[in-house]
Amino acid sequence: MPLHNRRGKKMSVEPMKLFFKEIKEPVETAMIGNYAVAGGVTQTDPDVICAFPITPQTQSVEGLSDVVHQGRLKAAFVNVESELAAMSYATAACAAGARAFTATASQGYLLMAEGLPMAVGWRLPLTMMISARAFNAPNLSIWNQWEYCQVNSELGWNIIVSENVQETYDASILSVMISEDSLFPTIFVHDGFIISHSVQKLTLIPDEIVRRMTPKKSRHTIDPSKPGVWGGIVTPDYFMEGRISLDEAKKPVLGQMKSTFDKFKSETGREYNLIETYNLDNSSKTAICTMGSLCGNVISWMTKNQDIGLIKIRAYRPFPVEELRKIVEEHNIEKLILLEKSDALNGMLPPFSMSVATALYPLKTLFRSFIVGLGGRDVTRDEFNIAKKKMETVTDMKGSLYTYLGVRETKQKIVGVDQ
Amino acid sequence: MLTKEEIQDALKENCINLRFHARGGQGGVTASNLCVEAFHGYGVCQPRFGAERMGSPTESYVRLSYNDDLVRNNEQVYGPHAVSVLDSSLLGEIDVTAGLAPGGWLIVNTTMDQISLQEIVGRDDINIATIDALNIAMEILGRNITNTIILGALIRVLPMFTMDALADAIMMRFKGSIAGKNVEAIKRAIDDTCVYENSNAPKIDFSKDTKIQWQQVSLGLPGYKELDKAGVWYCDETVIEMGSKLVNTGSWGEWDMIWNKDTCTDCAQCWYICPDFAILREKGDDGLWHMVGIDQYHCKSCLNCLEVCPVKAISKELKQGPASCAAPQ
């Protein structure tokens, strides 16, 4: 039963109207990150959309329900009672051969956890959007933090991270391409509120090109004419063989991502890479290494701080270890400032920094990790200035390798800032 | 006032920051979106991140520049060059000129004069423009929607984009006669804006960063060493002033609730249903609790008490003043 507003028309979400018709040429428009994702997903023609709403992800699902409701998208839009149900349903639909999409954030991602490993194990090209938001402890926060780093990142999902609305729109299409090429599920992430709720300009890709980039290919599916047991129990005689075969299959994924980015560039002109670099051949041989919307803040700050470079990690999982090593070596980077929107509470490095540290281990590059922007705390030039200053005096890898920046110690004192 | 050429020149290597103050439902975010859509360069619009509710004070920010790298910043706006206030009732509630660059513009939808406004905001280093948007809205649009009209005043004092570009953006967003009427109203606003250039205000410097260092860290609030373990906010402690007590939710609503003591039977159904604890009760000499009134500072006129009262002891009266324009259409 379609919902109607007072004028008797079918209800619709205003910005989604652009996607009700065939997009014939590149359109420049402005919209929030979540609607841009809903539009991008619409263009990839999913068969099943199944997600549970959670701030700050909600409008992406709302936008998709609208295009389905308007008849533009012939997909099954399934309302479920929880994120675990959403993940289970989307995984099963994908196993049955459907192109499936889901989306979540924060606590929803935790509730999904039980269902997450299966899409990897069964080699299902599922895609999921995460609008990054803090986990609730010790207080509830609906604002941005890199929760996707803190848990579930070793389950085998591909994870790509976007800086702005254009990138997250493109990622919604790229993820489908990466998933279907690698036969591993892919998460694409944007920072909650900062990107999900900011209106930015973007250029939409014509439907014809999206169709060409994301053809529906035949793959292994649940098929009654070929019965089998999916996810049945195995004794210790078999389990490790299953795991190593997944590891083997995961090895070419970074290469597949790269060729996906190349294909995307030749179709749209927009260039992406596993790692993107800015101003690395600078006088201080120092670079900031970070992900997501923080890169935009750093790039603006760099217009006045040209002695610092930026290494922007787009592919967070699989982590581009060799590529990062090569970049650091080729540009003779001596010091890295790692900016990270998550912490670890165990005295060791937080998760993103730990990944970078693993890659850097043979190179002995000096680095420090700075924890910033938890629970939506804004990250500004003040944090970058002090991180740069602190890094100037670092000459070894002794002592604690991480500090919090931009947090009050007392009413009048900020941690690590002499006033 | 800066010329159009000076503004366009400043936009090449600087970011112009705008801030809009409105109440939830008045369309402040739509106004800031239109700025991004009308500007022929790079632009970003952000709401103040959080949950917006009908009638509550809202903020949205815009960054515009011809330099992509500057707009790429994802910070919230700390040093606006122009602040637009859609609802003058906010002037008493919010520090609308916070961070406003010296020589910047305060644009208010009001019939007040600039001397009164200057006294309210306490700033002598800024310029002021006023527009009676309510009057134009009622005359041309036939309803109290002022969010597009204030843009007319904005481009009168800061010509970042032309009226034609704004008209195009409005035609894209609105359909039919509404779009045309909005364009007409904005054109009227450009002419009707009262511009008060302050001779004490310096010439605005777009290259100067007016953000206060570590502003985002909110010094003055308790630090981690002063907070209780486990993030619990105990009601009987004074470390954190109790959150909701300080929030004037009473300014959000469009109705005043009126309680009739004689009809009231003290059944307390309203006390249970009120989401803001705005039903005031006292223990009487008889040892029982009696209703004594309604806390108008916190009552946001959700009307739950009026619905639930079995004896019609609660009634409503439309508030006088600008807050009532947040009423849902």
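At what angle do α2(B) and α7(B) pack, and how far apart are their axes? I would like to start there, keeping in mind that what we are looking at is a predicted model. In this model α2(B) and α7(B) pack at an angle of about 120 degrees, and their axes are 8 Å apart. An angle over 145 degrees would count as roughly antiparallel and one from 65 to 115 as roughly perpendicular, and α2(B) and α7(B) are therefore described as oblique to each other. Their crossing is right-handed.

As for the residues that make this contact, α2(B) contributes B:L34, B:E37 and B:A38, while α7(B) contributes B:A165, B:L166, B:A169, B:I170, B:M172 and B:R173. Sorted by class, the contact of α2(B) with α7(B) has 7 nonpolar and 2 charged residues, with no polar ones.

Let me now stay with α7(B) and turn to its packing against α8(B). Helix α7 of chain B covers residues 163-173 and helix α8 of chain B covers residues 176-192, and the two pack at an angle of about 155 degrees with their axes 9 Å apart. Because of that angle, α7(B) is roughly antiparallel to α8(B). The crossing of α7(B) and α8(B) is right-handed.

On the α7(B) side, the contact is made by B:M163, B:L166, B:A167, B:I170 and B:M171, and on the α8(B) side by B:A179, B:N182, B:V183, B:I186, B:K187 and B:I190. By class, the contact of α7(B) with α8(B) has 9 nonpolar residues, 1 polar and 1 charged.

Which strand of chain A is joined to β2(B), and by how many bridges? The strand is β8 of chain A, residues 199-204, which runs antiparallel to β2(B) and is joined to it by 2 bridges. To point to a specific place in that pairing, A:Q200 has B:V44 as its bridge partner in β2(B).

Key. Residues numbered from 1 in each chain as written. Chains lettered and ligands numbered in written order. Predicted model: local features only at pLDDT ≥ 70, side-chain atom pairs only at ≥ 80, totals over all residues. Pairing = 2+ DSSP bridges. Helix = DSSP H or I, 4+ residues; strand = E, 2+ residues; numbered from the N terminus. Axes fitted to C-alpha atoms, helices over the stretch in contact; angles between N-to-C directions. Parallel < 35°, antiparallel > 145°, perpendicular 65-115°, else oblique. Left-handed = near helix turned anticlockwise from the far one by under 90°. Contact = placed C-beta atoms within 7 Å. Nonpolar A, V, L, I, M, F, W, Y, C, P; charged D, E, K, R; others polar.
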